[in-house]
Amino acid sequence: MQEYKNKPVLVTGASGFVGSHIVRQLVEQGRQVRVMVRKSSKQDAFKDLPVEVHYGDILEPDTLRAAMAGCGSVFYSALDPRFWLSDTSILYRNNRDGLINAMDVALELGIERFVFTSTMGTLGQNPNGPVTEDIPFNWLDKASPYIRARKEAEDRLLEYCRDKGLPGVALCIANTYGPQDFGPTPHGHSLWEMATGKSRQVMDTKAPVIDIRDAARACLLAEDKGRFGERYIIANEYVSNEKLYGLAAAEGGQPAPKLMSPKIAMLVVSIVEPFLKLSGKKDYLMRKDAVYLGGAFGAMDHSKATRELGWEPRYSIEETVHDAIAWYRENAA
């Protein structure tokens with residue numbers, strides 16, 4: 001066993017979807033697991049697991065230092081996904097500055113492995129085929145503040161690896177689905193709403209997806225085999241909303257979803273958004289950014305993760321949706 005595996009391992013963002021599944025798989029490996037969460041965070045996702053809980057905040061380096069002391073590895077999964085916030089400085093503070101704090105502390109304490117769960121939103125677009133890690137980011141003019149904040153965070157991690165010797169790896173993870181979605185995540189919960197008939201319409205687009213269990217397993221493999229300063233695409237199938245939500249509808253005995261073209265969706269949002277602003281609402285989900293991101297991502301090539309990490313996805317989208325809906329049903333999401 002690698003020496004760092006004999007030491008405690010810290011997971012930040014352990015109350016989230018990816019972070020909690022990383023925790024579960026680390027526990028299954030018999031590791032000494034610490035989690036760092038805010039006192040206000042829900043702990044349902046790991047309350048049944050033998051973990052050491054540290055309360056803190058990624059914006060408070062002293063709490064990071066206390067949680068990280070003596071650890072061999074850090075899995076950094078802290079994330080603020082609220083792309084709809086009108087005060088976008090919060091997104092930069094939570095998604096970029098918090099990571100910088102954690103990397104500074106990791107270097108100070110001699111952490112041996114630093115695995116960062118990034119997003120496919122930091123990758124370039126490729127109109128001529130599958131996306132790979134070496135395509136430069138080429139859609140900054142269309143990127144929302146949320147995407148820009150995530151991109152800046154990943155860029156800083158790669159800089160720290162190159163210039164300061166951080167033993168870091170970034171994973172560019174596709175849209176995650178699956179069971180034990182305690183949040184629940186907005187995109188996961190939308191599957192449940194389709195299965196229960198509360199939702200009937202989806203946008204006619206496609207996106208890369210990944211089972212949450214496969215995503216977490218990739219993170220653990222990256223700890224062992226990831227090359228420092230590299231990023232890896234963690235994505236499986238490129239699935240249409242028609243198929244994805246059709247599977248969810250079928251699980252719940254509902255009719256197939258109705259499809260709305262992206263152009264119609266953008267038109268609807270263009271009409272509604274000004275009224276939301278006039279009403280005094282600052283934060284709302286019906287945004288042009290959301291419509292654009294719904295169809296912004298093409299098929300993705302995960303062959304680098306296969307070659308270097310030994311990772312292959314194990315779950316088909318059919319299995320993922322089946323397991324997700326079964327979990328939501330049992331837990332009344």
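How much of the accessible surface of the protein belongs to carbon and sulfur atoms? The share is 51%, out of an accessible surface of about 14600 Å². Areas here come from the Shrake-Rupley method with a 1.4 Å probe, and for residues only the protein chains shown count as cover.

A word on the ground rules before the points. This is a predicted model, where local features need pLDDT of at least 70 and side-chain atom pairs count only at pLDDT 80 or more, while totals for chains, interfaces and linings use all residues. Residues are numbered from 1 along each chain as its sequence is written, and side-chain values use heavy atoms, with hydrogens and water left out.

1. **Overall build.** You are looking at a protein with 11 helices and 12 strands. Both are DSSP runs numbered from the N terminus: helices are H or I with at least four residues, strands are E with at least two. The C-alpha trace spans about 55 × 40 × 40 Å along its principal axes. The radius of gyration is 19 Å, which agrees with the value near 20 Å that a compact globule of 333 residues would have. That radius is taken over C-alpha atoms, and the globule rule is 2.2 Å times the number of residues to the power 0.38.

2. **Inside and contacts.** Of the 333 residues, 51% are buried. Buried means under 20% relative accessible area, exposed means over 50%, and partly exposed is in between (1.4 Å probe, protein chains only). Take the contacts with a separation of 6 or more: 77% of them are between residues 24 or more positions apart. A contact means heavy atoms within 4.5 Å.

3. **Charges.** The protein has 41 positive and 43 negative charges, and their mean positions are 3 Å apart. Lys and Arg count as positive, Asp and Glu as negative, with His and the chain ends not counted. Each charge is placed at NZ of Lys, CZ of Arg, CG of Asp or CD of Glu.

4. **The loop between β2 and β3.** This loop runs between β2 (33–37) and β3 (52–55), and Lys42 lies in it. Lys42 is partly exposed, with 46% relative accessible area. Skipping neighbours within four places in sequence, Lys42 is in contact with Ser15, Phe182 and Gly183. Lys42 and Tyr328 are 286 residues apart along the chain, yet their C-alpha atoms are separated by 17 Å. Lys39 is in the loop between β2 and β3 too, and counts as exposed at 70% relative accessibility. From Lys39 to Leu64, 25 residues apart along the chain, the C-alpha separation is 14 Å.

5. **The loop between β7 and α5.** Have a look at the backbone here. A cis peptide bond joins Gly183 and Pro184, with omega about -15°. Pro184 sits in the loop between β7 (175–177) and α5 (186–195). Gln180 is found in the loop between β7 and α5 as well, and has a positive phi of about 55° although it is not a glycine. Gln180 counts as partly exposed at 22% relative accessibility. Gly183, from the cis bond, is also one of the contacts of Lys42.

6. **Val18 in α1.** Helix α1 (residues 17–28) holds Val18, which is buried at 16% relative accessible area. Leaving out neighbours within four places in sequence, Val18 is in contact with Ser77, Thr117, Ile173, Thr176 and Ile212. Pro8 is 10 residues from Val18 along the chain, and their C-alpha atoms are separated by 19 Å.

7. **Ala67 in α2.** Which residues does Ala67 touch, not counting those up to four places away in sequence? They are Leu10, Arg34, Met36 and His54. Ala67 belongs to helix α2 (residues 61–68) and is buried at 0% relative accessibility. Leu10 is 57 residues from Ala67 in sequence, but 7.2 Å away in space, C-alpha to C-alpha.
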